[in-house]
Amino acid sequence: MSDSISMHLTRPNPKLAEYVSRTPAGMAYWAGTGPKNSTCRECTFFDHAKRYYAKRGMNGGSLKPARCTKYSALCSQAGGLIPHATPACKYFEAATAAPPITEK
Ligand code: SF4
């Protein structure tokens with residue numbers, strides 16, 4: 001949120017504010033707290049089900065956002081859809097066969 005009032009409020013914990021700003025709703029933990037350079041797409045908990053955008057569409061056949069099953073297990077409810085390129089969180093577990101970024 002960046003309305004005219006909140007822009008002038010003090011951020012008591014800048015690191016936490018950074019985590020909040022880069023973490024989409026539905027992640028099991030803060031984005032970027034997992035292994036360096038790993039993304040949700042490569043995680044075993046990324047429930048992609050091989051869903052891709054149309055090849056001729058605006059997103060050129062790229063992998064659609066998906067839910068995190070770790071979040072569902074921890075919170076007992078489904079979370080939001082996470083873009084595949086989101087930096088991984090601390091619960092990251094490498095998938096045996098991560099889906100390609102674009103449909104073949
Ligand atoms: S890294 Fe894995 S466990 Fe963490 S939010 Fe992404 S899909 Fe979920």
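I am working with a predicted model, in which local features need pLDDT of at least 70 and side-chain atom pairs count only at pLDDT 80 or more, while totals for chains, interfaces and linings use all residues. I number residues from 1 along each chain as its sequence is written.

**Confidence and overall layout**

I looked up pLDDT, the predictor's confidence in each residue, from 0 to 100, and found a mean of 93 for the protein chain, with 98% of its residues at 70 or more.

For the elements I took DSSP runs numbered from the N terminus, helices being H or I of at least four residues and strands E of at least two. I count 2 helices and 2 strands in the protein chain, and from the N terminus on they run α-β-β-α. The C-alpha atoms fill a box of roughly 50 × 30 × 30 Å along the principal axes, and buried residues make up 20% of the 104 residues.

I treat two residues as in contact if their C-beta atoms, placed from the backbone, lie within 7 Å. Among contacts between residues at least 6 apart in sequence, 64% join residues at least 24 apart.

**Ligand shell and core**

I next asked which residues come nearest to the ligand. A residue is near a molecule if its C-beta atom, placed from the backbone, lies within 6 Å of it; of the 14 residues around the ligand, Cys-40, Cys-43, Cys-68, Ala-88 and Cys-89 come nearest. I sorted the shell by class, with Ala, Val, Leu, Ile, Met, Phe, Trp, Tyr, Cys and Pro as nonpolar, Asp, Glu, Lys and Arg as charged, and the others, Gly among them, as polar; the shell then has 12 nonpolar, 1 polar and 1 charged residues.

For a nonpolar core I used a set of buried Ala, Val, Leu, Ile, Met, Phe, Trp, Tyr and Cys residues joined through C-beta atoms within 7 Å. The largest such core has 14 residues, of which Met-27, Ala-28, Cys-40, Cys-43, Phe-46, Cys-68 and Cys-89 touch the most other members. Leaving aside neighbours within four places in sequence, Phe-46 is in contact with Cys-40, Arg-41, Ala-66 and Cys-68.

**Backbone with positive phi**

I checked Asn-37, which is not a glycine and yet has a positive phi of about 65°. Asn-37 is found in the loop between α1 and β1 (46-47), and it counts as exposed because 8 C-beta neighbours lie inside 10 Å. Ser-76, also a residue other than glycine, has a positive phi near 55° and is found in the segment after α2.

**The segment after α2**

I then followed the segment after α2 (69-75), where Gln-77 has its place. Gln-77 is exposed, since 8 other C-beta atoms lie within 10 Å, and its C-alpha atom is separated by 20 Å from that of Glu-93, 16 residues apart along the chain.

Is Gly-79 exposed, partly exposed or buried? I found Gly-79 partly exposed, because 18 C-beta neighbours lie inside 10 Å. Beyond four places in sequence, its contacts are Ala-25, Gly-26, Arg-67, Cys-68, Tyr-71 and Ser-72, and its C-alpha atom is 8.4 Å from that of Thr-69, 10 residues apart in sequence.

Pro-87, also placed in the segment after α2, is partly exposed with 19 C-beta neighbours inside 10 Å. Not counting residues up to four places away, Pro-87 touches Ala-31, Gly-32, Gly-34 and Thr-39, while the C-alpha atoms of Pro-87 and Arg-41, 46 residues apart along the chain, are separated by 9.1 Å.

My last entry is Pro-100, in the segment after α2, which counts as partly exposed with 13 C-beta neighbours inside 10 Å. Pro-100 and Ser-62 are 38 residues apart in sequence and 8.5 Å apart in space, C-alpha to C-alpha.

Methods
A residue is buried if 20 or more other C-beta atoms lie within 10 Å of its own, exposed if 12 or fewer, and partly exposed in between; C-beta atoms are placed from the backbone.
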